[in-house]
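Please read the explanation below with the sequence and the 3D structure open beside it. It goes from one group of residues to the next.

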Amino acid sequence: MNLRSSSHSWSALRGYPLRAFLICLIGLSFANMDQALFGYAVPAIRQEFGLSIQTVGWIFSISFGVAGLLIAWFGVLTDRVGRKVMMQLSNLISSIFVTLHAIAPNVVILTVLRTLGFAAGGLQTPVAGTIVVEEAPARFRGLLSGILQTGYPIGWFLASLMAAPILKRYGWRPMFLIGLVSIPYMLVVWKYLRETERFLRQRSELAEGLGCGSSGSHARREPAKIRHLFAPDLIRRTIVLFLGEFLHVAAYGGSAFFFPTYLVEERGFSLEMATRLVGAAYGIGAVGYVISSFVGEFLLTRRNTIVIWSWAGTLLFLLLVWGTSSMASIIVVFGLTTMFFYGTTAAKFTFLAEHFPTRVRATGVAFSGSLAVNLGLALGPLVVSYAIGTYGWNWAFTTVVAIPLFLSGLVFLTLKPIPSGVEVEEIAT
């Protein structure tokens, strides 16, 4: 594609669209920074409370499962009350619950705090993503919303920079005070972010009792509900997107949160070194998010990018598990794995969000996206934890991570590719 022929569109990014994107990117990075702290703390938490790897798997499973249901409901609420206010509440509530990890007296309280903190922080993904999809110029929607997903590796990288020295000197509890860093950011969101015009227009039409299609169906005249996603015009895309997302994130959840523990217990690294190594790999991997966004927007369709990135990530992950030994090889291959395996999210989120109309976009993203994500995160670590006890780390990763990741690519392949530069209203209908 000749980018120069559409160079006039770059001017559309100036001003508020770019500002909204940056606000959402920083907010999403802070949210993921807060959530990454728990993954880095797992080895130390296991030692203090005497937890088995299976118990840790149950903590992840319970917290992600309950959080997923809460986020799905929050998504419906976002389509009713607005994107901006939910982003502010997500930022504030998540930071409070993450910080309270520092004084958790036992595993039960720690699990409750983890669940509530992740539910609040996890809302940042569908809310920030919906804002960027609705504010970005159509020609660059995939690029911006894809690059937005770098908030995930950026958050893990930032957390590693702050967590490693604190873990080494003070232990895991003071590390969670890092959660306080993101609270002042709520003021930035309040002052510089505005509600999206598409949401305001949809709310106005709803208030006036106007339909948004020729049928004027009741579902299109009432507030967003999850059951609307299963209407005849949306049910197939809702189910296929949910399944593809679930398989991909089950694979992710079975690996990412256990990697610091894997490097300590299986590869023999110190906790500080494992934290820094994982953080460095995520820093490298952030490049993959940008590349997949660019490829999905300008070179291939997003669907084809998702499939290629998923299958390349599968091969690289197997190489990481079975073919690396030195620290240098682990950093390089882990970084490349992150670029493709996790970088798939950059194209995947946009592909998912643009399948739903404005009236249920946050609901659709929360259900087929965040609920599928959290159920995948609930199942992946739990299954891996038991597979580790039975087959060992490497075979557990191969069967519970590599196979679902490959299958997710097959599922997304069943959907039709969507050309870039099309307005979301045209895609949804």
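K348 counts as buried because its relative accessibility is 2%, and the cut-off for buried is under 20%. The model in which this value was computed is a predicted one. The side chain of K348 meets that of E245 in a salt bridge, with 2.2 Å from N to O. This pair links distant parts of the chain: K348 belongs to helix α16 (residues 344–353) and E245 to helix α11 (residues 235–253), 103 residues apart. E245 is also on the buried side of the cut-off, as its relative accessibility is 7%.

Side chains of opposite charge can pair when their charged atoms come close. How many salt bridges does the count come to? The count is five, and the bridge between K348 and E245 is a case with 2.2 Å from N to O.

Another salt bridge joins the side chains of R83 and E134, at 2.6 Å from N to O. R83 lies in helix α3 (residues 83–99) and E134 in helix α5 (residues 124–135), so this bridge ties together parts that are 51 residues apart in sequence. Are R83 and E134 buried or exposed? Both are buried.

A further salt bridge is formed by the side chains of E48 and R173, with 2.9 Å from N to O. Because E48 lies in helix α1 and R173 in helix α8 (residues 172–175), the pair ties together parts that are 125 residues apart in sequence. E48 has a relative accessible area of 44%, so it is partly exposed. R173 is partly exposed too, with a relative accessible area of 22%.

Helix α1, where E48 lies, can now be looked at as a whole. It covers residues 16–49, which makes 34 residues. From its first C-alpha to its last, α1 reaches 48 Å, close to the 50 Å expected at 1.5 Å a residue. The helix has a kink of about 55° at V42, shortly before the proline P43. Why is α1 described as largely enclosed by the rest of the structure? The reason is that 27 of its 34 residues are buried. Just after α1 comes G50, which takes a positive phi of about 65°.

An α-helix has 3.6 residues a turn, so residues three or four places apart point the same way.

The next topic is the aromatic rings. A pair of aromatic rings is described by the distance of the centres and the angle of the planes. The structure holds 19 aromatic pairs. In one of them, the rings of F259 and F397 have their centres 5.6 Å apart and their planes at 25°, so the pair is stacked; the cut-off for stacked is under 30 degrees. F259 is in helix α12 (residues 259–265) and F397 in helix α18, and the pair links these distant parts of the chain, 138 residues apart. F259 counts as buried because its relative accessibility is 1%, and F397 counts as buried because its value is 0%.

A second example is the pair of Y262 and W393. Their ring centres are 5.4 Å apart and their planes are at 55°, so this pair is tilted. Y262 lies in helix α12 and W393 in helix α18, so the pair ties together parts that are 131 residues apart in sequence. Y262 is buried, with a relative accessible area of 2%. W393 counts as buried at 7% relative accessibility.

Which residues form one aromatic cluster? They are Y252, F259, Y262, F317, F334, F341, Y342, W393 and F397. W393 can also be compared with E265: the two are 128 residues apart in sequence, yet 9.6 Å apart in space from C-alpha to C-alpha.

Helix α18, in which W393 is found, covers residues 393–413 and also holds L407. L407 is partly exposed, with a relative accessible area of 37%. Together with I403, F406, L410 and L413, L407 makes a nonpolar surface patch of about 400 Å².

Conventions
Residues are numbered from 1 along each chain as its sequence is written. This is a predicted model: local features need pLDDT of at least 70, side-chain atom pairs count only at pLDDT 80 or more; totals for chains, interfaces and linings use all residues. Side-chain values use heavy atoms; hydrogens and water are left out. Helices (H or I, at least four residues) and strands (E, at least two) are DSSP runs, numbered from the N terminus. The expected span of a helix is 1.5 Å times one less than its number of residues. The bend at a residue is the angle between axes fitted to the seven residues ending there and the seven starting there. Buried means under 20% relative accessible area, exposed over 50%, partly exposed in between (1.4 Å probe, protein chains only). Patches are made of residues with over 30% relative accessible area and no salt bridge: like charges are joined within 9 Å, nonpolar side chains (Val, Leu, Ile, Met, Phe, Trp, Tyr) within 5 Å. Accessible areas come from the Shrake-Rupley method with a 1.4 Å probe; for residues, only the protein chains shown count as cover. A salt bridge is a side-chain nitrogen of Lys or Arg within 4 Å of a carboxyl oxygen of Asp or Glu. Rings of Phe, Tyr and Trp (its six-membered ring) pair if their centres lie within 6.5 Å; planes under 30 degrees apart count as stacked, over 60 as edge-to-face and the rest as tilted.
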